[in-house]
Amino acid sequence: FIDDVELRCPKAECSGRMTRVPDVIDCWYDSGAMPFAQLHYPFENQKLFESRFPADFICEGLDQTRGWFNSLHQLGVMLFDSIAYKTVICHGLVLDGDGEKMSKSRGNVVDPWEVLAQHGADALRWYLYASAPPEISRRFSGDLVGEAGRRYLGTLWNTYHFFVLNANSNSVDWKSDAAPSEMDRWILSALSLVTENVTNALDDYDPTLAARQLQDFVEQLSNWYVRRNRRRFWQGEAAAFQTLHHCLLTVCQLSAPFTPFLADHLYQNLRRLHPELPQSVHLCDWPKPQERDAELIYEMDLAIRAVSLGRSARTLSGHRTRQPLAYALVGGSSERDREALKRFSEAIQDELNVKEIRLLGISEAFLDYQIRPNLPLLGKKLGKQLPALRQALQLADPKELAQQAHSRGHVEISLADGTVLALTAEELLIEARSPEGYSAQEDRGLIVALSTELTPELIDEGTARDCIRHIQELRKQSQLDVSDRIEVFLWQLSPAVERALDAHRDWVAEEVLATQFERQSAPTELTPHQVSLGKSGEEGFFVALRKATVIQSHSVKE
């Protein structure tokens, strides 16, 4: 740091005019001399220089490949017979939102201060870390920063908010030694794995991989663990709260290098349960992986994949998520997969909103297939053999080829002239086709097929679920907390809604936390809302609600 001083010419006879020095050394020598020149080596600081040279890490832009990176090594070799640095990150350029180089003349320069003011420093940092590996040039705009921030920071904040809200609404026994559930053990195992993966990625100077691993974990924490355990939190179950608190606290520590402000903000509140911890997340030791159940991680990941496939199949079928379906057929490529799917069939059933899960046999060929050559990969490789391959694929059993591709990762196909081609699964386009009455999806041997036929009972339950959604939406509009009990009034019900509520009234009331659920006009002081159901809007009802007068106990924690 330089103090404000008056810069004067050291020679009394100087006229104050700037003159050119006749002989100037290459300016890149100055940059290459940085490791020793900044320490006035070799005239002093010999031990300090030796402890710092060569440097562990250096980072600069792509344009420094022939500049600073080069001059540092040149001087290091010539003067010390040594490299100047052990590790380097050479990052790409920051482009505008359309992928063009920023330029004042083009008017496409993004003011970073505007981005910071709108989205915050953590969102900006996170986008630069997670959007692309450092060496790749990346597009940059306020919208891209905002999207990246919402995907990670928003998800993390919502999970933290859920924890705080429910912890304050229940008398949680934080010192309870209750045994963790299977879901608790799974998320703690996943936390151990992500801790190891993030640590290894950062040790390898790969911030993008580390950030994406962390993002995937927070996604699973929010959209699988928390969502699958909501009732445990509503009921104040200690093991669930202890598990989520530990996960959030560790995520803050792992996030600290990426998003220092949000990480410390969350940490300051979470450490209230453990005042013996350091006062800042940036003073904590780096977390270490704990014991984990690798088999449980594998099985839960398979269940999550099955749910994802089932949701894709439902989208293709045209049935909305709230419409229950009769059953889903689920099958894997091995006995291990079958046992995992059986173990978590209840969770898969609940997530897919089906009445039953039926497991397919390992060798049971349920889907039909169409198999074609992947031309971008096989066109140049096979050349004139390509027509013969097409003919062989038409004559082969597509189910058998698909099974080989999924189980072995490759297939062997005999051509008409006796030639045997060994092709990888990626070199073939394997398209699964659903039988009549089903909507199915497949991924690497995992099959999920939804029965698409609807009965009147299923339709009624779907209508009841629609009623729940609209009442819950009205709760949000009324700015009620998720734990608030309510009084509900419904009137002018269409025939379909009336039939659905006749069958599911108690369940609907329980789901919306209604202490009073009346099918009559609301008191005049309440605002009525008209609800239309279905694509045509012919079905519907009027609804009004208010917060019920219920005395609840609250903790004193902030």
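Visitor: Which residue lies over the face of Tyr298?
Guide: That's Arg336, at 3.5 Å from the ring centre of Tyr298. Keep in mind that this is a predicted model.

Visitor: And what sits over the ring of Tyr327?
Guide: The charged end of Arg358, 3.7 Å from the centre of the Tyr327 ring.

Visitor: OK, ring on ring now. How many aromatic pairs are there?
Guide: The count comes to 21 aromatic pairs. One of them is Trp126 with Tyr152, a stacked pair with 3.9 Å centre to centre and 10° between the planes.

Visitor: Where in the chain do Trp126 and Tyr152 come from?
Guide: From distant parts: Trp126 is in helix α6 (residues 121–130) and Tyr152 is in helix α7 (residues 142–168), with the two 26 residues apart. Both Trp126 and Tyr152 are buried.

Visitor: What about Phe233 and Phe241, what kind of pair do they form?
Guide: Edge-to-face, with 5.1 Å centre to centre and 90° between the planes. Phe233 and Phe241 are buried too.

Visitor: Switching to the packing. Which residues touch the most other members of the largest nonpolar core?
Guide: Trp186, Phe217, Tyr225 and Leu244, in a core of 78 residues. Helix α7 gives the largest share of this core, eleven residues.

Visitor: What is Trp186 in contact with, leaving aside its neighbours within four places in sequence?
Guide: Its contacts are Gln220, Trp224, Tyr225, Leu296, Ile297, Met300, Asp301 and Ile304.

Visitor: And which residues does the second core include?
Guide: That separate core has 25 residues, among them Leu389, Ile413, Ala440 and Ile447.

Visitor: One more, Thr243. Where is its place?
Guide: Thr243 is in helix α11 (residues 238–255).

Visitor: Is Thr243 buried or exposed?
Guide: Buried: the relative accessible area of Thr243 is 6%, and so it falls under the 20% cut-off.

Visitor: What does the Thr243 side chain have beside a polar atom?
Guide: The backbone oxygen of Ala239 lies 2.8 Å from a polar atom of that side chain.

Visitor: Which residues does Thr243 touch, not counting those up to four places away in sequence?
Guide: Asp184, Ile187, Leu188 and Tyr225.

Conventions: Residues are numbered from 1 along each chain as its sequence is written. This is a predicted model: local features need pLDDT of at least 70, side-chain atom pairs count only at pLDDT 80 or more; totals for chains, interfaces and linings use all residues. Side-chain values use heavy atoms; hydrogens and water are left out. Rings of Phe, Tyr and Trp (its six-membered ring) pair if their centres lie within 6.5 Å; planes under 30 degrees apart count as stacked, over 60 as edge-to-face and the rest as tilted. Helices (H or I, at least four residues) and strands (E, at least two) are DSSP runs, numbered from the N terminus. Buried means under 20% relative accessible area, exposed over 50%, partly exposed in between (1.4 Å probe, protein chains only). A charge sits over a ring if NZ of Lys or CZ of Arg is within 6 Å of the ring centre and within 35 degrees of the ring normal. A nonpolar core is a set of buried Ala, Val, Leu, Ile, Met, Phe, Trp, Tyr and Cys residues joined through side-chain atoms within 4.5 Å. Contact means heavy atoms within 4.5 Å. A polar contact is a pair of N or O atoms within 3.5 Å; within protein, one must be able to donate a hydrogen and the other to accept it, and residues adjacent in sequence count only if both atoms are side-chain atoms.
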